[in-house]
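Try each task before reading its solution.

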Amino acid sequence: MRTSLRQAATLLLLSALLAVGAQAPATPQDRGRSVAVAEYDLGDTAFTDSETGTVSEVRARVHYPRRLTGRLPLIVMAHGSWWACDSKDAVDWPCTEGSRPFPSYRGYDYLGAALAARGFVVVSISVDGINQTSFDYGDRARLVNEHLRLWQQLAAGKGGPLASHFVDPSGRPVAPDFAGHVDMNRVGTLGHSRGGKGVMWQASDKHRGEWPAGVRVRAVLGLAPAKFDDPEGDNSDTLITRLPFAVVTSSCDGAVGEQGQEYLDDVVGLNSATDYSVSLKDANHNYYNTTWTPPFQFGEDDSTCPAQELTPARQQDALTAYATAFFRYELQGARDELPVLTGERPLPDVTATTRVVPAAR
C-alpha cells in the first residue's frame, strides 16, 4: 500500500512538473533561435496628424517568429514621454544637427522577443516627435492607427510603404513575408506611461470608429499608464466598455503612482468584457523600459522606495509573464493563462496584488 501511494505521488509530481514546463516562458536562447528582428523607418516627418498638424516619425522595431505560419495576432506597443533626442538641449523636431532621435522604442525588446516566441508579431513604435512637440493624447492614438493602417496594407498583400523598408538590426535590407500571416482582426495594443493613456484613448468607445478599415483591436494593456480626465469628470476619451483591457501599476512608481487603477474603477458595472489589473510591490516606473533605466543614457531611477526596489530584471520578468498571459488569453484563447490574471498563479519572484472587474451582466 505504501509503495503504491508513493508511486501515485511520484506520478502526480511528474504531471505537475510537465504542466509547469509546458507553460514556462521561452528562454533567451530559445527566443534567439525562434525569433527574428527587423526595423522600418519611413523618416522623421513621415506622418502629419490631420487633426492637430503634429508631425511624427514612422519608425518601429518588429519581433516576429522566424517561421511565419498561419495568421498571427499583431501587438503594437507605444512608449511614453521621454527625451525625444539624445541631446537634452534639443527643442525641435526633427532633432537638430548633431543629435539623433532617442531610441525609447527599443526599450521593450525583451518583451517583444518573449511575445514573438509565443506566436505574435510585435511592433514597438517610436513616438519621439510627439514627445517633443505635443501633449495631445489623440496624437498618440492616431499614430498607433497610422501604423495599423500600414500593417493592414502589408497583411492584405497590398504592399504599401512598409513592404520595401524592412532592415535587420545591422541595417541590411530584409523582406519578411508578412502578407497573409498577420491577423488584423486580432490586434493587441500596449502603452507605457503617456503611451498607456494613448492606447486607452485609441481603443475607447468614443474613438474606436477611427480604427483603420479591416482592423479589430481585441485587447489593450496599460503599463503604468497616465490617468487624468480633461475636462475633469469626463472620462469618455479613454472609457472602454466593449473589449477587455488590463492595467499594470507599481507601488513605488515615482512618475504616475498607481493612478492607472482608476481605469478599472471607471468600468465597474459597465464593461461587456472582464478586465484585469496587477500592482507590483516595490516596482518603479522606468525599469519597464531598458532605455530609461540606468546606466543607459539619461536613465533614471524614479522609485519612491529605493531601499527595497525590485531589480530591473525582476520587474521586467514580472511584466513579461503578465503581458504574455494577458495577450495569450485574449488573442490566442489560451485559457491556461487565466490563473496568472486572477492571481491564482503568482508572478515570478515578486509580490503582486491582482484585481478582476467581471463583465457586467
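**Exercise 1.** Which residues of α5 and α6 meet in this predicted model?

*Solution.* Start on the α5 side: Y137, G138, R140, A141, V144, N145 and L148 take part. Their partners in α6 are R194, G195, K197, G198, W201 and Q202. Sorted by class, this contact holds five nonpolar, five polar and three charged residues.

**Exercise 2.** Describe how helices α5 and α6 pack.

*Solution.* Two quantities describe a pair of packed helices: the angle between the axes and the distance between them. For α5 (residues 137-155) and α6, the angle is about 70 degrees and the axes are 8 Å apart. Angles of 65 to 115 degrees count as roughly perpendicular, so α5 and α6 are roughly perpendicular to each other. Finally, the handedness: α5 and α6 make a right-handed crossing.

**Exercise 3.** Where does H207 lie, and is H207 buried or exposed?

*Solution.* Locate H207 in the loop between α6 (194-203) and β9 (217-223). Next, take its relative accessible area, 8%. Buried means under 20%, so H207 is buried. Beyond four places in sequence, H207 is in contact with W201, Q202 and D237. With D237, the H207 side chain forms a side-chain polar contact of 2.7 Å.

**Exercise 4.** Is T189 buried or exposed, and which residues does T189 touch?

*Solution.* Find T189 in strand β8 (residues 182-192). Its relative accessible area is 0%, so T189 is buried. Setting aside residues up to four places away in sequence, T189 touches V76, V144, V199, Q202, V217, A219, V220, L221 and F327.

Methods. Residues numbered from 1 in each chain as written. Predicted model: local features only at pLDDT ≥ 70, side-chain atom pairs only at ≥ 80, totals over all residues. Heavy atoms only, no water. Helix = DSSP H or I, 4+ residues; strand = E, 2+ residues; numbered from the N terminus. Buried < 20%, exposed > 50% of the residue type's maximum accessible area, 1.4 Å probe, protein only. Polar contact = N/O pair within 3.5 Å; in protein donor to acceptor, adjacent residues only side chain to side chain. Contact = heavy atoms within 4.5 Å. Axes fitted to C-alpha atoms, helices over the stretch in contact; angles between N-to-C directions. Parallel < 35°, antiparallel > 145°, perpendicular 65-115°, else oblique. Left-handed = near helix turned anticlockwise from the far one by under 90°. Nonpolar A, V, L, I, M, F, W, Y, C, P; charged D, E, K, R; others polar.
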